[in-house]
Amino acid sequence: MNRELRSLLEASFPGQDDRFFTPMFIGGTSSAANEGAFAILSGRKTATSSPFWDYPDGRIPFPGALSILLDGQERPVGIVETQRVEVMPFNSAREDFARSYGEWDLTLETWRIETRAWYEASAARHGQTFSDDTPIICEWFAVVRRF
C-alpha cells in the first residue's frame, strides 16, 4: 500500500495499523472499477469475492479489516470495513450472497454465470485452474468513510 493511502487510513483510524488491508479495486477495468465503487458507496454492493491466487502472500481479508476503496482512476473514494468472511467452493455460494454482491439482476443464477467467466479468465492469467469446487473468499463489508 502506498504512503498516501496508508496516511488516509491512519488519519481515519489512528493506532489501528493491524486492521489496515490492501486497497479494494472492483473489476478489471477502470470503467468496471468506477461502477463497482459507485455500487459500494450507494449501498447496493455489500459483498465481493476473490480467488486465493489474488493473495499470493496468503493474507486474505478478515473481519475488521479496513481497506481504501479506489475508483477507476485508482483515486480513494472511501474506506470499507470487512464485516464477515467465508471461504467456500464456488458452487456453494447462496442466493443471499448474490444479492449482497449487488451486480447484474441480483440472482444466484446470473451471479454464477458472470463470476464463472471472470474466474475462468483470471485463473488462465494466473496459470491456475477453475472449477465448481474452487474455493473462493466471500467478503461482506460496510462503508465506514467517504472521501
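Trainee: Where is Thr134 found?
Mentor: Thr134 is in the loop between α4 (108–125) and β4. Keep in mind that this is a predicted model.

Trainee: Is Thr134 buried or exposed?
Mentor: Buried. Its relative accessible area is 11%, and the cut-off for buried is under 20%.

Trainee: What does the side chain of Thr134 reach?
Mentor: The backbone nitrogen of Ser131, at 2.8 Å.

Trainee: And which residues is Thr134 in contact with, leaving aside neighbours within four places in sequence?
Mentor: Trp53, Met88, Pro89, Phe90 and Thr129.

Trainee: Next, the sheet. What is the strand order?
Mentor: The order is β1-β4-β3-β2, in an open sheet of 4 strands. The pairing is antiparallel.

Trainee: Which are the edge strands?
Mentor: β1 (47–51) and β2 (66–70). Each of them pairs on one side only.

Trainee: How many degrees does the twist average?
Mentor: 45 degrees from one strand to the next.

Trainee: Let's stay on β2. How many bridges does it share with β3?
Mentor: 5, in the antiparallel sense; β3 covers residues 76–89. Leu66 stands opposite Glu81, and Ser67 stands opposite Val80.

Trainee: What about the hairpin of β2 and β3: how many residues are between the strands?
Mentor: There are 5. One of note is Glu74, which takes a positive phi near 60 degrees.

Trainee: How many residues of β2 are buried?
Mentor: 5 of its 5 residues. Both faces are covered. Leu66, Ile68 and Leu70 are on one side, and Ser67 and Leu69 are on the other.

Trainee: Which strands does helix α1 lie across?
Mentor: Helix α1 (residues 3–12) lies across β2, β3 and β4 (135–146). It runs at about 90 degrees to β3. Helix α2 (residues 30–41) packs on the sheet too, touching β2, β3 and β4. The direction of α2 makes about 125 degrees with that of β2.

Trainee: Back to α1, then. Which residues is Arg6 in contact with, beyond those within four places in sequence?
Mentor: Met1, Asp17 and Phe20. Arg6 has its place in helix α1. Its side chain makes a polar contact with the side chain of Asp17, at 3.2 Å.

Trainee: What separates the C-alpha atoms of Arg6 and Arg19?
Mentor: 11 Å, with the two residues 13 apart along the chain.

Trainee: Changing topic: how many residues are in the largest nonpolar core?
Mentor: It has 16. Phe97, Trp111 and Ile136 have the most contacts inside it.

Trainee: Which elements give two or more residues to this core?
Mentor: α3 (95–101), α4 and β4. α4 gives the most, with 4 residues.

Trainee: Last one. What is Ile136 in contact with, leaving aside neighbours within four places in sequence?
Mentor: Ser49, Ser50, Glu86, Val87, Met88, Phe90, Trp111 and Tyr119.

Technical notes:
Residues numbered from 1 in each chain as written. Predicted model: local features only at pLDDT ≥ 70, side-chain atom pairs only at ≥ 80, totals over all residues. Heavy atoms only, no water. Pairing = 2+ DSSP bridges. Axes fitted to C-alpha atoms, helices over the stretch in contact; angles between N-to-C directions. Contact = heavy atoms within 4.5 Å. Buried < 20%, exposed > 50% of the residue type's maximum accessible area, 1.4 Å probe, protein only. Polar contact = N/O pair within 3.5 Å; in protein donor to acceptor, adjacent residues only side chain to side chain. Core = buried A, V, L, I, M, F, W, Y, C linked by side-chain atoms within 4.5 Å.
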